[in-house]
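Here is a short briefing on a single protein chain. Look over the sequence and the fold, then read on.

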Amino acid sequence: MSDRRLIVALDVHSMESVQQLVGQLGDRVNYYKVGMELFYSAGSQVINYLRQQNKDIFLDLKLHDIPNTVGQGLATLTQLGATMLNVHASGGFSMMQAAVKAVKNKASALQMPRPKLIAVTVLTSMDENEWSGLGYNVDLSQQVIHLSQLAQKAGMDGVVASPQEAAQIQKVCGSEFIIVTPGIRPSGTAIDDQSRIATPAGALKNGAHHLVIGRPITAAANPKQAVKDILREMRDLG
Ligand code: C5P
């Protein structure tokens with residue numbers, strides 16, 4: 001049985017690998033994330049393929065530019081029919097407002113469901129050391145909360161954040177505000193380049209609505225078994 005809380009990151013760069021993985025995981029996974037690596041190489045072909053397979057799609061292109069450019073870019077992406085799109089919250093309040101408006105207008109003009117729009121707070125690969133190198137005069141976790149509140153004020157549907165910050169975000173933004181957490185590592189799997197991590201159960205307990213999981217599934221010796229184990233851990237939690 002599938003679980004829409006699980007989003008599998010398709011961090012591969014050919015249609016062939018996509019078809020192989022999606023075919024292998026079958027009905028167990030109904031929500032996929034398409035990021036830069038895949039979209040830059042396969043483009044809308046991959047979105048069309050996933051839609052034909054009746055999969056939900058999180059198109060994770062993390063837009064970050066001036067408000068007009070982001071708005072125009074998102075209006076174009078809206079036509080593809082993804083379930084969820086995103087921008088960087090650090091692009092600012094006006095940029096996020098322009099993003100919300102553009103997606104809403106385009107979806108209503110095309111009479112299609114409006115994709116959810118979420119904001120990346122601070123990348124989950126960023127640790128305290130890397131953060132201090134950026135020169136901001138604020139704690140990393142404080143900044144995540146601040147950006148979440150700013151995103152909510154701008155009309156965004158939710159945020160991408162680390163599972164370690166999810167509980168605090170839910171506290172200040174409420175339980176309707178979508179929290180998507182990458183940086184998920186089932187115990188015993190490699191950390192790779194992630195820093196602020198949690199197990200699937202830990203992230204859900206902290207209030208995450210969706211778990212984005214890539215390498216622990218895609219690089220597993222048996223991806224199908226990896227999904228099965230993760231789904232069991234999620235289900236056991238209720
Ligand atoms: O392989 P792994 O499980 O680390 O994959 C995590 C996915 O989530 C990657 O596709 C990465 O781009 C994405 N992501 C992230 N941190 C964010 C936003 C997205 O790791 N803040």
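Predicted model: local features only at pLDDT ≥ 70, side-chain atom pairs only at ≥ 80, totals over all residues.

The chain has 238 residues, and 49% of them count as buried. Its secondary structure comes to eleven helices and eight strands. The count of salt bridges comes to ten.

**Overall form**

- The radius of gyration of the chain is 17 Å. A compact globule with 238 residues would have a value near 18 Å, so the chain agrees with that expectation.
- Along the principal axes, the C-alpha atoms fill a box of roughly 45 × 40 × 35 Å.

**Salt bridge in the strands**

- Side chains of opposite charge can pair when their charged atoms come close.
- Lys33 and Asp60 form a salt bridge, with 2.6 Å from N to O. Lys33 lies in strand E2 (residues 31-35) and Asp60 in strand E3 (residues 56-63), so this pair ties together parts that are 27 residues apart in sequence.
- Are these two residues, Lys33 and Asp60, buried or exposed? Both are buried.

- Arg5 pairs with Asp3 in a salt bridge. The closest N and O atoms are 2.9 Å apart.
- Arg5 counts as partly exposed, because its relative accessibility is 24%.
- Asp3 has a relative accessible area of 17%. The cut-off for buried is under 20%, and Asp3 therefore counts as buried.

**Salt-bridge network**

- Which residues are linked in a network of salt bridges? They are Arg185, Asp192, Asp193 and Arg215.
- Within this network, the side chains of Asp193 and Arg215 meet at 2.6 Å, N to O. Asp193 sits in the loop between strand E7 (178-181) and helix H9 (200-205), while Arg215 belongs to helix H10 (residues 215-218), so the pair ties together parts that are 22 residues apart in sequence.
- Asp193 is partly exposed, at 48% relative accessibility. Arg215 is also partly exposed, at 35% relative accessibility.

**Negative patch on the surface**

- Four residues gather in a surface patch of negative charge: Asp127, Glu128, Glu130 and Asp139.
- One of them, Glu130, has its place in helix H6 (residues 128-132).
- Why does Glu130 count as exposed? Its relative accessibility is 51%, and exposed means over 50%.

- Gln142 is placed in helix H7 (residues 140-153).
- At 47% relative accessibility, Gln142 counts as partly exposed. The cut-off for exposed is over 50%, so Gln142 falls in the partly exposed class.
- Gln142 and Glu128 are 14 residues apart in sequence. In space they are 12 Å apart, C-alpha to C-alpha. Glu128 is one of the residues of the negative patch.

**A buried leucine**

- Leu38 has its place in helix H2 (residues 36-42).
- The relative accessible area of Leu38 is 0%, so this residue is buried.
- How many residues separate Leu38 and Gly91 in sequence? They are 53 residues apart in sequence and 23 Å apart in space, C-alpha to C-alpha.

Conventions:
Residues numbered from 1 in each chain as written. Heavy atoms only, no water. Patch = residues over 30% accessible without salt bridge, like charges linked within 9 Å, V, L, I, M, F, W, Y side chains within 5 Å. Areas by Shrake-Rupley, 256 points an atom, 1.4 Å probe, with all protein chains shown as cover. Lys, Arg positive; Asp, Glu negative; His and termini not counted. Charge placed at Lys NZ, Arg CZ, Asp CG, Glu CD. Helix = DSSP H or I, 4+ residues; strand = E, 2+ residues; numbered from the N terminus. Buried < 20%, exposed > 50% of the residue type's maximum accessible area, 1.4 Å probe, protein only. Rg over C-alpha atoms; globule rule 2.2 N^0.38 Å.
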